[in-house]
Amino acid sequence: MEILQIIWFILIAVLWLGYLFLEGFDLGVGVLMKALAKNEKERRVLLNSIGPVWDGNEVWLLTAGGATFAAFPLWYASLFSALYLPLTLALVALILRAVSIEYRGKGHSDQWRNFWTWAMAGGSAVAAFCVGAMLALTTTGLPLNENGDNIGGPFAWVNVYAIIGGLGVLGFSILHGLLFVSLKTDGDIRHRAHALAAKWGPVFLLPIVVWVVIVQVMHGPVWGWAVIALAAVFAAISWVRLRAGSEKGGFIFQGLFLVAGVVSVFASIFPNVLPSTINPEFSLTLANASSSNYTLGVMLWVTVIFVPIVLAYTVFSYTLWAKRLHVEHIPEAHQIPVAARIKA
């Protein structure tokens, strides 16, 4: 096992961390389009809260997948072939979600807007669940033979671990979305989001905590329990801060909870990248699944140059759109006359 392989294992973990933190809250906002907003203006407030950043957040998912393909091609091949069905479902859900954001305002009937609102909520929920299921199976294992091939059939991924992981990421995203809404909006919708997060926060986090504990019991080192304890402390502080009225504190410590959870999960499976449930000797590891040192080295230099640029742009975009949104900021919906559209 080489140092470059370890570095890229850590970098992929960081990319997943960035995706879950950034995309987590806008997936949560999408799910809340029907459950939290009470009228059309509040739904438009939710859409505008993520409007400038949602597509940029999805880049982290693409980058995590691309980095896995380039740094650990055997990991990518085994994972994506074994999980072809849930990954396809996740892709369709993300496409439906993106189309709903773009098309929702193109029509002016209640039926049109309601259809795309449901598409947004459903697509966000399915995408979060499928990503969680995939990550859970990556850490708990798949029925791989000595060649890294899935021999469990197309539905080998349907098990209790996938369900727990799917519910874990979905629950985390909903809570993360509630915290983001309470931090980014103002008025009645902010207070409702705050109240729901303060009341149900531990319930939303329970599945992801169960997933982390399962991975620790299956693969984790002894010191991993200390990381899990730290994650629990961060979650408790987030809840306490939120109940005390500190929305920013709740959001920050929720993020620290995620950091500790990701560290625990990736540290637990190290040096494996995809455990085999048939025989531990068939597991894909950093050593047998990686690209050459030359490839890893070139990729590392590209990462060192471009990742700081991406991070700087991300910080700039969130700073630029940092002000709270209120329903009073949302103009009345209007329709361009047909004659004007034809003339244009």
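Visitor: How far apart do the end C-alpha atoms of residues 115–137 lie?

Guide: Happy to start there. Residues 115–137 are 100% helix and 0% strand; helices (H or I, at least four residues) and strands (E, at least two) are DSSP runs, numbered from the N terminus. The end C-alpha atoms of this span lie 33 Å apart.

Visitor: What kind of model is this, and how are residues numbered?

Guide: This is a predicted model, where local features need pLDDT of at least 70, side-chain atom pairs count only at pLDDT 80 or more, and totals for chains, interfaces and linings use all residues. Side-chain values use heavy atoms, leaving out hydrogens and water, and residues are numbered along each chain as its sequence is written, from 1.

Visitor: What does UniProt call residues such as 115–137 and 294–316?

Guide: An unreviewed UniProt entry lists both among several spans with one label. UniProt positions are given in the numbering used here, feature names are shortened, and annotations may be inferred rather than shown by experiment. The label in that entry is "transmembrane region".

Visitor: How many helices and strands are in the protein, and what is its radius of gyration?

Guide: The protein has 13 helices and two strands.

Visitor: Why is helix α2 described as largely enclosed?

Guide: Buried means under 20% relative accessible area, exposed over 50%, and partly exposed in between (1.4 Å probe, protein chains only). Cover for the buried residues of α2 comes from elements including α1 (3–35), α3 (54–71) and α8 (188–219). Helix α2 (residues 40–50) is largely enclosed by the rest of the structure because its buried residues number eight of the eleven.

Visitor: Which residue has a side-chain oxygen at the start of α2, and which backbone nitrogen does it reach?

Guide: The two atoms come to within 3.2 Å. The side-chain oxygen belongs to Asn 39, and the backbone nitrogen to Lys 41.

Visitor: Is Ser 100 buried or exposed, and which residues does it touch?

Guide: Ser 100 sits in helix α5 and is buried, with a relative accessible area of 1%. Its side chain reaches the backbone oxygen of Arg 97 at 2.6 Å. Counting contact as heavy atoms within 4.5 Å, and leaving out residues up to four places away in sequence, Ser 100 touches Trp 116, Ala 119 and Met 120.

Technical notes. A polar contact is a pair of N or O atoms within 3.5 Å; within protein, one must be able to donate a hydrogen and the other to accept it, and residues adjacent in sequence count only if both atoms are side-chain atoms.
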